[in-house]
Amino acid sequence: MQPVMQVPLLDLAAQYAPIRDAVVEAVTRVVDTQKFILGPEVERFEAEAASYLGARHAIGVTSGTDALLVAMMALDLGPGDEVIVPTYSFFATAGCVSRTGATPVLVDIDPVTYNLDVEAVRRAVTPRTRAIVPVHLYGQAAEMDALMALAAEHGLTVIEDAAQALGATYGGRALGTIGHFGCFSFYPSKNLGAAGDAGLVTVNDDDLAARVRLLRVHGAQRTYHHEKVGGNFRMAAVQAAVLGVKLRHLDAWTEARRRNADRYRALFASLAPGVPVTLPVERPGRRHIYNQFVIRAERRDGLRDHLRAHGVGCEIYYPVPFHLQPCFAYLGVPAGALPVSERAAAETLALPIYSELTEAQQAYVVETIAAFYAGA
């Protein structure tokens with residue numbers, strides 16, 4: 001095996017270097033205006049994001065978590081209401097439901113895409129159900145046609161958690177524009193990352209957009225006059241300026257991630273045939289943007305430790321499903337009740353997939369995996 005090579009899970013410095021001058025210029029522009037909250041920079045980015053996605057409204061907020069929260073607040077969710085969410089996702093998906101006072105109803109996932117199991121959602125609908133939150137996990141679309149049909153049948157709102165899926169599509173439609181709300185995160189590790197926390201809500205309905213904009217500023221149309229109890233969900237102008245620079249490069253970065261995903265498949269076939277690893281599957285009619293490249297692996301924890309010991313960054317998304325989290329014990333969902341999610345939590349591992357990854361680095365990752373199983 002070749003000498004140890006350093007392959008980070010994500011290399012933001014490599015992404016930043018070619019666009020440094022443009023980012024510095026954008027940040028300087030904001031500092032020179034001394035207008036740091038909302039304002040022209042945020043409005044410009046909102047317009048660019050809406051155009052990119054084909055959404056009627058794009059509303060900049062403080063984080064992906066707050067994007068979910070403000071969408072749920074716009075529905076006036078509260079005690080007695082139920083919201084169906086996958087048990088396998090980032091914490092905010094279910095946590096925001098609880099913050100409104102509503103009850104998260106946790107359901108299992110599809111074993112191939114890791115997204116909501118539509119039949120599990122159907123079984124979970126009750127007279128108290130108000131909304132469904134499909135998560136487009138790792139950058140691939142959930143079964144949106146079936147979920148939208150189910151929602152229409154029961155009069156439910158669909159809030160797309162597209163935190164990992166900016167630029168992904170389903171049947172040619174941008175994720176975040178199919179449901180009633182789309183919620184995006186610009187956490188720095190995302191495929192479009194800010195210089196800190198930031199998020200976006202997309203809406204096609206004018207009334208819902210007006211509610212989100214109102215709630216974003218403490219429910220006030222005029223300063224000190226509050227129509228509703230909202231929150232401080234205002235996007236910072238510096239984040240909007242940085243995101244505006246990066247958005248121009250997003251499609252190129254996405255295509256590089258997609259090429260890297262294809263290269264992994266070829267490298268596993270040539271360098272590691274027969275290893276007990278399952279690679280991601282891209283469903284027909286979808287554009288997977290590979291925010292993460294997640295494999296299933298036998299002896300996952302041992303493989304993780306081996307990779308890290310040999311300089312390869314990797315991560316487990318997510319080791320504990322919601323129904324096994326202490327804060328959701330009150331829901332009374334026992335271990336074993338949602339087995340597909342529990343198995344995913346025990347077997348999945350994310351490999352480096354960022355756009356600047358080289359072929360040599362990817363070959364080293366695959367060779368290191370092959371060496372782990374060869375030495376078993």
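Biologist: Among contacts in the chain between residues at least 6 apart in sequence, what percentage join residues at least 24 apart?
Modeller: 72% of them. Contact means heavy atoms within 4.5 Å. Bear in mind that this is a predicted model: local features need pLDDT of at least 70, side-chain atom pairs count only at pLDDT 80 or more, and totals for chains, interfaces and linings use all residues. Residues are numbered from 1 along each chain as its sequence is written, and side-chain values use heavy atoms, with hydrogens and water left out.

Biologist: How many helices and strands are in the chain?
Modeller: 13 helices and 15 strands. Helices (H or I, at least four residues) and strands (E, at least two) are DSSP runs, numbered from the N terminus.

Biologist: And what about the radius of gyration?
Modeller: The chain has 21 Å, which agrees with the value near 21 Å for a compact globule of 376 residues. That radius is taken over C-alpha atoms, and the globule rule is 2.2 Å times the number of residues to the power 0.38. The C-alpha trace spans about 65 × 55 × 35 Å along its principal axes.

Biologist: What share of the residues count as buried?
Modeller: 55% of the 376. Buried means under 20% relative accessible area, exposed over 50%, partly exposed in between (1.4 Å probe, protein chains only).

Biologist: Let's go local. Where does Thr-100 lie?
Modeller: In the loop between helix H5 (92-99) and strand S3 (103-107). Thr-100 is buried, at 13% relative accessible area. Its side chain reaches the backbone oxygen of Val-97 at 2.7 Å. That is a polar contact: a pair of N or O atoms within 3.5 Å; within protein, one must be able to donate a hydrogen and the other to accept it, and residues adjacent in sequence count only if both atoms are side-chain atoms.

Biologist: Which residues is Thr-100 in contact with, leaving aside neighbours within four places in sequence?
Modeller: Leu-69, Met-72, Leu-77, Gly-78 and Pro-79.

Biologist: What do S2, H5 and S3 make?
Modeller: A right-handed β-α-β unit. Right-handed means that, with the strands pointing away from the viewer, the path from the first strand over the helix to the second runs clockwise. Strand S2 (residues 82-86) pairs with S3 in the parallel sense over five bridges. Pairing takes at least two DSSP bridges between the strands. Pro-86 has Val-107 of S3 as its bridge partner. Four of the five residues of S3 are buried.

Biologist: Switching to H8. Which of its residues are buried?
Modeller: In H8 (residues 206-216), Leu-208, Ala-209, Val-212, Leu-214, Leu-215 and Arg-216. They pack against several elements, including helix H3 (40-53), helix H4 (64-74) and strand S9 (199-203).

Biologist: What happens at the start of H8?
Modeller: A side-chain oxygen of Asp-205 comes to within 3.0 Å of the backbone nitrogen of Asp-207. After H8 comes His-218, with a positive phi near 60°.

Biologist: Where else is phi positive in a residue other than glycine?
Modeller: Gln-34 is one of them, with phi near 60°. Tyr-114 is another, near 70°.

Biologist: Which residues does a cis peptide bond join?
Modeller: Tyr-317 and Tyr-318, with omega about 5°. Tyr-318 sits in the loop between helix H11 (300-309) and helix H12 (339-347).
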